[in-house]
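This briefing opens with one local detail and then widens to the overall fold. Please keep the structure in view while reading.

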Amino acid sequence: MQEKRRAQQIVSLAKERIGKAFEDLRFGRALNVDQLWPLVTGINASISRHPGALMGVTRLKDRHEYTYLHSVAVCGLMIGLARQMKLDPALHHEIGLAGLLHDIGKARVPTMLLDKPGPLTVEEEIIVREHARMGFETLMSGDDGLSTNERLSSIVLDACLHHHERMDGSGYPDQQRGNSISLYARMAAICDTYDATTSARVYKAAWSPAESLEYLANNPGQYDPEIVAPFSAMIGIFPVGSMVRLTSNRLAIVLEANEPDELMPPVSPFYCIDSKQLLSLRRIDSTIDPIVGIEIPSRWNLPFFWQTRATILAHFDGSPPIE
């Protein structure tokens, strides 16, 4: 609980700082990268102490703060993945900053397109896709008098430009394929997709963590299987927010990771399959009512699921429910 409170403080500050960075760029002011470095240090420290705490906090996004919290979440996922892959710890900070800045180009995309409730037109899609190149150009054209190499590493710059490249060459902006895509851009593609698909947007419902991992694993032509495997291991057997079935034939939401025993995390039962009734909010230890297996929400006809899950996660996180 103490680390969760720390994570909430870190995320609150990070959301404020990254929001200010986006605002500066929208109004033609220079990006102050120096203000963002301490955020990565804090996120890195939180991931080191308790990998699941920060990820649990960033799961609770409303549509107004998605862009900012998405950047924070991808930063944490990138650092966690670097640790899982046993990459050089000296690189973790740069890898985290790459996650924090990967979507900075969206500051120059009209907000009405980012939040459009319906599908984008071909012309609108072209504009939105330009965020990768615009972000790269923004990071390259620092107004602080320093050269690119003195300001930001190639890890940060390349992840910003190429996090939408895909293994089969179908991505953008340069249609890179396979190992011609840098390791860090391939990592960013997975982290970006995972957080985007598990977040509710004005134009789509969120996927469960299990559905997102299933999608990543089933699309080796787009996402590097050799990175998807350690990413899935990092997220865990029962990711926070997953829907599971209990021995009692109740559906429940996983509340947090249980590091001593990943097979028995704390859960909140919310629906009785036998009686077809919603249950009152409470937290239980799954050692008492063991988990039978993970469930995919799309396979159940529960129109109330997404709001119920958001309410449960917010309630037991100590935060107000999201919209």
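In this predicted model, a side-chain oxygen of Asp224 comes to within 2.9 Å of the backbone nitrogen of Glu226, at the start of helix H13. The points below follow H13 from this end to the other and then turn to the protein chain as a whole.

**Helix H13**
- H13 spans residues 225-235, and its buried residues are Ile227, Val228, Pro230, Phe231 and Ile235.
- An α-helix has 3.6 residues a turn, so residues three or four places apart point the same way.
- Just after H13, Gly236 adopts a positive phi of about 105 degrees.

**Overall fold**
- The protein chain contains 14 helices and six strands.
- Its radius of gyration is 20 Å, which agrees with the value near 20 Å for a compact globule of 323 residues.
- Along the principal axes, the C-alpha atoms occupy a box of roughly 65 × 40 × 35 Å.
- Of the contacts between residues at least 6 apart in sequence, 64% join residues at least 24 apart.

**Burial, surface and charge**
- Of the 323 residues in the protein chain, 54% are buried.
- The accessible surface amounts to about 14,500 Å², and carbon and sulfur atoms account for 53% of this area.
- The protein chain carries 32 positive and 39 negative side chains, and the centres of these two sets are 5 Å apart.

Definitions and conventions
Residues numbered from 1 in each chain as written. Predicted model: local features only at pLDDT ≥ 70, side-chain atom pairs only at ≥ 80, totals over all residues. Heavy atoms only, no water. Helix = DSSP H or I, 4+ residues; strand = E, 2+ residues; numbered from the N terminus. Rg over C-alpha atoms; globule rule 2.2 N^0.38 Å. Buried < 20%, exposed > 50% of the residue type's maximum accessible area, 1.4 Å probe, protein only. Contact = heavy atoms within 4.5 Å. Areas by Shrake-Rupley, 256 points an atom, 1.4 Å probe, with all protein chains shown as cover. Lys, Arg positive; Asp, Glu negative; His and termini not counted. Charge placed at Lys NZ, Arg CZ, Asp CG, Glu CD. Polar contact = N/O pair within 3.5 Å; in protein donor to acceptor, adjacent residues only side chain to side chain.
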